[in-house]
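Hello,

Here is the structure I said I would hand over. My notes follow below it.

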Amino acid sequence: MLLIRPTTRKQAKIKLALQGCSGSGKTYSALLLAYGMTNDWRKIAVVDSENGSADLYSHLGNYNVVSLGSDYSPENYIEAISLCEQSGMEVIIVDSISHCWDYLLDFHANLQGNSFANWAKVTPCQNAFVQKILRSPSHIICTMRTKQDYVLNEKNGKMIPEKVGLKAMQRDGMDYEFTVVLDIDLKHHVQASKDRTGLFMGRPEFTITPKVGQAILNWCDLNPRQPTVQPQIPQTYGNDTPTATR
């Protein structure tokens, strides 16, 4: 039976994506965001598919790491996220979810039979992975690699590929699943390509510090403090230890 009810805003768990090319600082930035949200490295876990890249920043604090090894199947990602949830992690960084999509593309390519029909065997796996992220009781930060995207345009009777910008290495439309999508460039400058919090859209580019994580947490907790994110002093991507106050 359908019911109509007044709208209500409840405490939320952020589902955020950081997308950028290699070397843009996705892992480091995700850790700064997570620390700003927890103020406790022990409550942060990184699901690592990047060959141990999460350990490169161990000088920041004693956060936790779950290594996926060489198994990038959705089932292995789901198991790793469940382990983090059961261990009481407040923020889970999935670094990166691009490997999961690459795994599914390879799986699809190796299936016998009709290529179009075979997507019926792939889509449920992707959907289960996405739902695990969306329904998690923890805050989730996902990183996504980007690559140059092209379109074919006709010129002088020939179809010519033309660059149209960067595209996340994940299934088309994956950005719709997140509350916030932040694009980060090689200078570590960030702009929002999607924002349902009102913290980022229409604002100048900024660099990520723990204060950005604090602002996100305030929004999740219905806290009116720090309602907007102000431009930050460029963050040094070195051996400094970030500090945050709450």
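Cys 100 is buried, because its relative accessibility is 0%. Please keep in mind that the model is predicted.

Cysteines next. A disulfide needs two cysteine sulfur atoms within 2.5 Å. By that rule, the count is 0 disulfides. Cys 100 takes part in none, and its nearest cysteine sulfur, in Cys 125, lies 8.7 Å away. For Cys 125, the closest cysteine sulfur is that of Cys 100, and 8.7 Å is too far for a bond.

Now the packing. In soluble globular proteins, nonpolar side chains tend to be buried together. Here, the largest nonpolar core holds 33 residues. Leu 16, Leu 182, Phe 200 and Ile 216 have the most contacts inside it. Elements that supply two or more residues to this core include β1 (15-20), β2 (44-48), β7 (180-184) and α5 (210-220). The largest share comes from α1, with 8 residues.

Take Ile 216. Not counting residues up to four places away in sequence, Ile 216 touches Ile 14, Leu 16, Leu 33, Met 37, Leu 199 and Phe 200. Another core lies apart from the largest one. That other core has 24 residues, among them Ile 81, Cys 84, Phe 129 and Met 174.

Last, Glu 90. This residue sits in the loop between α2 (74-86) and β4. Glu 90 has a relative accessible area of 35%, so it counts as partly exposed. Lys 43 is 47 residues from Glu 90 along the chain, yet their C-alpha atoms are separated by 5.3 Å. Leaving aside neighbours within four places in sequence, Glu 90 contacts Thr 38, Lys 43, Ser 138 and His 139.

Best regards

Technical notes
Residues numbered from 1 in each chain as written. Predicted model: local features only at pLDDT ≥ 70, side-chain atom pairs only at ≥ 80, totals over all residues. Heavy atoms only, no water. Buried < 20%, exposed > 50% of the residue type's maximum accessible area, 1.4 Å probe, protein only. Core = buried A, V, L, I, M, F, W, Y, C linked by side-chain atoms within 4.5 Å. Helix = DSSP H or I, 4+ residues; strand = E, 2+ residues; numbered from the N terminus. Contact = heavy atoms within 4.5 Å.
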